[in-house]
Every structure is written in structure tokens, then in C-alpha cells.
Amino acid sequence: MNRLRCLALAPAAALLTATVGLPFLILAAYAFLSRGTYGGVALPWTLENWRRLADPLYAGILARSFLAAALATLLCLVLAFPLALSIARASRWKHLLLALVMLPFWTSLLVRAYAWMFLLRDTGLVNTLLMRLDLISEPLPLLYNWGAVVLGLVYAHLPFMVLPLYAALERQDPALLEAAADLGARQWHAFWRVTLPLAAPGIRAGVLLVFIPCLGTYLIPDLLGGGKTILVGTLIQNQFTTARDWPFGSAVSLALMAAVLVLLWLEVRRRKEPLL
Amino acid sequence: MKRAAALASVALLAFLHAPLLVLAAFSFNEGRFAVWEGFSWRWYAEAARDQRLVEAAGNSLWIAAAATLISTAAGTLCAWALWKRQSRLLTLGFSLSLVTPEIVTGVSLLAFFQWLFRFGGLQLGMHTVVLAHAGFCLAFVVFVVLARLRTMDASLEEAAMDLGATEWQAFRRVTLPNLAPGVVSAALLAFAISFDDYVITSLVAGVDTETLPMALYAMARRGGSPVVNAISTAIVALLGAAILAAEGLRRKE
């Protein structure tokens, strides 16, 4: 590579080192240090932070994070499939429909979480409507529970599932379904034996694209769960702010990153081409 | 089965759009509660009179502008250098930056800045937010610009150099003008991502700097008010315009 191109790389390389490389090294070091008297970190080196991850309290939070992410991913898959299929088989307006799916995704996550607060809180639209219609006499507790968190996760990540499913379904040759029908397969049968298996790469990509951000989510459980639903993202935030236990927070962060990277590696290894 | 799928699709599209549409509609509501009482700009006027909100919006604009400038300049040059020659290390770094959960990026930057400041006596503030934002926008810029470069003909630059241009002149006079829509589209995307960020910003902003999403978050945590509906709608309109413009430029040609 000649000098000019090296020079062109320099600012980005420096920025990447300062905002990704070095911060990760610091986090990796902190995860093996002890907690300082006034917050911060201190010697000696220790494995105590990692041992604490196995504590039932924290192991429970990690397990709940996996479960919540898995449930949200499953719901996204079930909801997104008919939509992706309809768009892939639509005769017109494919691009418009895809743009409609992507549009909410591009608007602020914070605003989208707040929109659900506006709908679900005690004085929110849903409770107000139900009370005006005399269907209920006092507000239903719709917000600040697990249901609201999973709903928010599904709402925020649905586009990530629709796009890869669409990409996989769009490539399918419609003649395959006709062939299945000619050979006597009923509609459902053809769906199970032809459409679904051929969509497998799209399903895998979609599951990954939804599960990974759901696993590390912070904003949605924080706003829609109202502090009653501690997931791993909230745990990390707590360790670095109120609890001021940076070494333990670093260990949890690295554990989360390890989970994310293992999941990605499993998929990248399968497809033999870069995911990004 | 086709009709069932179509029906489910319409319901799902409604599920995706209704919350934001309802929120936007009620930001123009005369009354304070979730009952329609008539059209009014009242809550927008109230937001504009709130000194704290105006200052937070100003901070957000400055931070997003600075982060966009830095990440777009560095990212465009980097994409150009990576166009003809891959770098596994940099690609790995950008991929890592894209898949890292925001909360992990935030705490790692916080730990890094605090460690660094032990030697310099510096404080968290606007500058740390700008650096953090420029960092996480960089990967988006590189990927958008690189995608645009890959649609372009590399031999144009070589032709310019055969005719006596230096490599820099060839970049400046031949590649960059062709690349411009991609660069502007990347910049708009970076602006939107930076302007909207709450999680990372709240961790590296220190105590004296507040951005619009931080103010919005604090108000939402307290239960929200029609003013929050108004700010939310304004943010969505601003980001939506930026993203649509970016998408329009990307699709051109």
C-alpha cells in the first residue's frame, strides 16, 4: 500500500483505536481487578468478578435476559413471516411495503419506547379509552411489567426479522410451489416442505439480527419495565453508576460480548462469507 | 392462505406505525390528557419556551454536527483506502463496533475516559460525547461509502493518473465528485444516529452536559407530559427527513 493510502487510513484507524480498541482493553483489564474504596478499580488482580457471575442472583439475571431475548425473537419470527411472504409474493408496491417496514426502525428508539408508554400507562390512551367505554372501572396495569418489555422488544426489532426473511423468500422460484402442487402437495404441505426449508438462511440471519440486540438491550426494559425487570443491560449500567462496582460491571460486559461473538461466529462459520 | 397472510400483514404494518402516529396526533391535542380536545400548537410553544430543552436541543445539534463532520471525513478517506486493498484488522474493528451492545460501548468508553483523565485532569463533557459519537458513527460511514465505491469504475482514477494526475488529485478531482451522493448520504445517516443516541451519551456526558434525548428520557421517566409528545414528534420529523434524504441519495443512479 502506498503512502497516501496509509495516510488516508490514519484518522479512521486512530478514531477506531481510541473509541473501540483501547476502551475494550481497559474493560478487559478492569474485569480482573478489585473494586476501589471510592468506586474505580484497585489492585490486586483477581478472578472474584467472574466467580460472582455464577451467583444465583446474577446467573438468574443472565438466564432471564436469554429467555426474554429468545421469546422476543420467536414472536418476531412468527409475526414477520406472513408479512415477509406477502411482500415477497406481492405483484406491486414491493419497495413501498419494504420502506413502510423500515421507516419506524429509522426513527428514534427512545421515542418509540416512549410512544408505548403513552399508550400503556395508567392515564394512557388504552386505559383512557377502555374507561370511557365503561369496560373497566380502574386502569389496567399494562406498563412496567415483563409483558410490556417483550412487547417493546418485538416492536423495536421486527424490521430486522422482516428484511432477511424477505430476501430469502424473494429468491424462491414460484415454479417450485407449482411443481409441489402438481405432485399432489396441499398448500400447507408445500409451505412446510418447500417454502420453509428454502427460507432457512433468512430465518437464521433474522434470528441472529433480532436475538443479539435484544440480548444487550438497555433502553426498552428500563423505560417499559420501570426498573422491575432487571436484564443484563440494566445490570451493567447499575454497576457503572449507582453500585459503582466497575470491575464486576466490566466482567458482565465481557460475558455479554462473548455471548454475542460466539453467536455471530457460529453463523459466520456456516455461511463462509462475511455477515456484514 | 394468501388472504390470511395479507390480513396479518396489514395488521402488522398497523402495529408498526400506529404508536408513532397516535403520539404525533396527540402532540397537537389542546388538552393535557389522552382525550382529544381540539387542535393546538400549545405544547410545541411550551417546549420552545423551556430554557432547559432549548439548551439541550442546541447541545444535540452541535454534538451531532461535530461528530458527523469528524466521522464523515475520516470514514470517507478510510473507505477510499480500503476500496482497492482490504484490511482485516480494520474490518474486524468496524464489525466489532457495529455488533457491540450500546451499553457495553458506553461503559467501556466511560472506563477509558476516566482512566485517561487521571493523567490529564480533564473532565467528561461535550468533547467526550463528540469523540464517542464520532467513534460509533465511523463504521456506518465506512460501510455506506464503501458500498457506493464498489459500484464505481476504478479505472477512471487510473486513467486520470495515466494522464499525469497525482493520486491525491485523482481522488480529489475524479473519485470524490462521483462519490459525493454516497458521502452526503453517509453524513445524514451519521447525523441521525448521533442526534438520537441516549445510552452511550448519558454515560460519557458527565454532569454538566445534557442532550435532547437525555432531557426527553428524564421527562419520560417521570411519567411524561404532552410536551414530551411534542418533542418526540419533532425529533421523528427531523430524523425522518434526514433518513429519507439519505435514502433518496443512495438510490440515485
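In this predicted model, Gln237(A) counts as buried, because its relative accessibility is 16%, under the 20% limit for that class. Gln237(A) sits in helix 12 of chain A, a helix made up of residues 232–240. Its side chain is joined to that of Tyr218(A) by a polar contact of 3.2 Å. Once the neighbours within four places in sequence are set aside, Gln237(A) is in contact with Tyr218(A) and with a residue of the other chain, Ile103(B).

The interface between the two chains brings 75 residues of chain A into contact with 74 residues of chain B. About 7,000 Å² of area is buried between chain A and chain B, and carbon and sulfur atoms account for 81% of that area. Polar links are also present: seven residue pairs are in polar contact across the interface, with both partners at pLDDT 80 or more. On the side of chain A that touches chain B, helix 1 of chain A (residues 3–30) provides the largest share, with 18 residues. Sorted by residue class, this side of chain A consists of 56 nonpolar, 14 polar and five charged residues.

One salt bridge is found across the interface of chain A and chain B. The partners are Asp222(A) and Arg221(B), whose closest N and O atoms lie 3.1 Å apart. This pair crosses between the chains, running from helix 11 of chain A (residues 219–224), where Asp222(A) is placed, to helix 10 of chain B (residues 212–221), which holds Arg221(B). The two ends can be compared by their accessibility. Asp222(A) is classed as buried because its relative accessibility is 6%, whereas Arg221(B) has a relative accessible area of 37% and is therefore partly exposed.

Glu267(A) counts as buried because its relative accessibility is 5%. Arg204(A), at 28% relative accessibility, falls between the limits of 20% and 50% and so counts as partly exposed.

Chain B also contains a salt bridge, formed by the side chains of Glu210(B) and Arg52(B), with an N to O distance of 2.8 Å. Here too the pair links distant parts of the chain: Glu210(B) lies in the loop between helix 9 (199–204) and helix 10 of chain B, while Arg52(B) belongs to helix 3 (residues 51–84), and the two are 158 residues apart. Arg52(B) counts as partly exposed because its relative accessible area is 38%.

Among the contacts in chain B between residues at least 6 apart in sequence, 72% join residues at least 24 apart.

Helix 8 of chain B (residues 167–196) includes Pro181(B). Pro181(B) counts as buried because its relative accessibility is 16%. Not counting residues up to four places away in sequence, Pro181(B) touches Arg148(B) and Leu249(B). The C-alpha atoms of Pro181(B) and Leu109(B) are separated by 32 Å, and these residues are 72 positions apart along the chain.

The largest nonpolar core contains 162 residues, and the members with the most contacts inside it are Ile236(A), Phe94(B) and Ile231(B). For Phe94(B), leaving aside neighbours within four places in sequence, the contacts include Leu16(A) from the other chain. Within chain B, Phe94(B) is in contact with Cys78(B), Leu82(B), Leu138(B), Ala139(B), Val142(B) and Phe143(B), under that condition on sequence neighbours.

Methods. Residues are numbered from 1 along each chain as its sequence is written. Chains are lettered from A and ligands numbered from 1 in the order in which they are written. This is a predicted model: local features need pLDDT of at least 70, side-chain atom pairs count only at pLDDT 80 or more; totals for chains, interfaces and linings use all residues. Side-chain values use heavy atoms; hydrogens and water are left out. Contact means heavy atoms within 4.5 Å. Buried area is the accessible area (1.4 Å probe) that two parts lose on being put together, summed over both. A salt bridge is a side-chain nitrogen of Lys or Arg within 4 Å of a carboxyl oxygen of Asp or Glu. A polar contact is a pair of N or O atoms within 3.5 Å; within protein, one must be able to donate a hydrogen and the other to accept it, and residues adjacent in sequence count only if both atoms are side-chain atoms. Helices (H or I, at least four residues) and strands (E, at least two) are DSSP runs, numbered from the N terminus. Ala, Val, Leu, Ile, Met, Phe, Trp, Tyr, Cys and Pro count as nonpolar, Asp, Glu, Lys and Arg as charged, and the others, Gly among them, as polar. Buried means under 20% relative accessible area, exposed over 50%, partly exposed in between (1.4 Å probe, protein chains only). A nonpolar core is a set of buried Ala, Val, Leu, Ile, Met, Phe, Trp, Tyr and Cys residues joined through side-chain atoms within 4.5 Å.
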